[in-house]
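Hi,

Here is the model I promised to pass on.

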Amino acid sequence: QVQVVESGGGLVQAGGSLRLSCVVSGSFWNIATMAWYRQAPGEQRDFVAAMASGGGTNYKDSVKARFTISRDNSKNTGYLQMSSLKPEDTAVYYCHAAVRRWGGRPPNDYWGKGTQVTVSP
């Protein structure tokens, strides 16, 4: 089985910073893509940022200048460094990992349970 666990959320004032971590564990061949999504109360889950195994990145426009996604493949861990946080960034942040259980097979999707980020005005 593959498990995805996020950490690093919390309460921060507007303008502050947080770093989220996502650890992927279990039996698998490799992690194709790691991504972050967020879901605010009453809204749908929304894409934030993604990073492919080769290092290519993609960001939601509203976070592009403030958030940085990275990953440490040796630790099967991804990160989301969030700076200049705004109250509208308040949400539960979820890590998504596209994981190949075996070589040569397409990846499967795995989600963590989320970590709460709250930004006060």
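Below are my notes on the salt bridges and on one strand with its neighbours.

Some housekeeping: this is a predicted model, so local features need pLDDT of at least 70 and side-chain atom pairs count only at pLDDT 80 or more, while totals for chains, interfaces and linings use all residues. Residues are numbered from 1 along each chain as its sequence is written, and side-chain values use heavy atoms, with hydrogens and water left out.

**Salt bridges**

I took a salt bridge to be a side-chain nitrogen of Lys or Arg within 4 Å of a carboxyl oxygen of Asp or Glu. That rule gives four of them. For burial, I call a residue buried under 20% relative accessible area, exposed over 50%, and partly exposed in between (1.4 Å probe, protein chains only). Helices (H or I, at least four residues) and strands (E, at least two) are DSSP runs, numbered from the N terminus.

Start with K60 and D46, whose closest N and O atoms are 2.6 Å apart. This pair ties together distant parts of the chain, 14 residues apart: K60 sits in the loop between β6 (57-59) and β7 (67-72), and D46 in strand β5 (residues 46-52). K60 counts as partly exposed because its relative accessibility is 23%, and D46, at 30%, is partly exposed too.

Next, K64 bridges to D61, with 3.2 Å between the closest N and O atoms. Here K64 is partly exposed at 49% relative accessibility, whereas D61 is exposed at 64%.

Then there is R66 with D89, at 2.7 Å from N to O. Again distant parts of the chain are linked: R66 belongs to the loop between β6 and β7, D89 to the loop between β8 (77-82) and β9 (91-100), and 23 residues separate them. Both R66 and D89 are buried. R38 joins R66 and D89 in a network of salt bridges.

**Strand β11**

As for its partners, I count two strands as paired if DSSP finds at least two bridges between them. β2 (residues 10-13) runs parallel to β11, with four bridges joining them. β9 runs antiparallel to β11, with three bridges. V117 is worth a click: G10 stands opposite V117, and V117 is also the bridge partner of A91.

Cheers
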